[in-house]
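Subject: Structure for your files

Dear colleague,

Please find the structure below. My notes on it follow.

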Amino acid sequence: MAVVCPECDNPIVVDVDEVEEGETVTCDECGMDLEIVSVDPLEVAAVDVAGYDDEDPMHTADEEEE
Ligand SMILES: [Zn+2]
């Protein structure tokens, strides 16, 4: 399965059997890091886009668990 890089429109092939939500893939074309936000359907988001703070394992850690 493939997604299109939001930065450069390069198709990025992602094996959905080998990735999980929250993992990141890197675009070979522009080097942008993209987080897998959903595997079904496959959806990615640029990790450095301001305002995208919904599911960032680097920052949320355990402090917002309920
Ligand atoms: Zn790219």
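Does Asp9 count as buried or exposed? The model is a predicted one, and in it Asp9 has 10 C-beta neighbours inside 10 Å. The cut-off for an exposed residue is 12 or fewer, so Asp9 counts as exposed. Asp9 is found in the loop that runs between β1 (2-4) and β2 (11-13). Its backbone deserves a remark: phi of Asp9 is near 65°, a positive value in a residue other than glycine. Most residues other than glycine have a negative phi.

Another loop, between β4 (33-39) and β5 (42-46), holds Pro41. The peptide bond leading from Asp40 to Pro41 is cis, and its omega is near 5°. Most peptide bonds are trans. Pro41 is exposed, because 8 other C-beta atoms lie within 10 Å and the limit for that class is 12 or fewer. Pro41 and Met1 are 40 residues apart along the chain, and their C-alpha atoms are separated by 10.0 Å.

In soluble globular proteins, nonpolar side chains tend to be buried together. Once neighbours within four places in sequence are left aside, Met32 is in contact with Cys5, Glu7, Cys27 and Ala46.

Regards

Definitions and conventions
Residues numbered from 1 in each chain as written. Predicted model: local features only at pLDDT ≥ 70, side-chain atom pairs only at ≥ 80, totals over all residues. Helix = DSSP H or I, 4+ residues; strand = E, 2+ residues; numbered from the N terminus. Buried ≥ 20, exposed ≤ 12 C-beta atoms within 10 Å, placed from the backbone. Contact = placed C-beta atoms within 7 Å.
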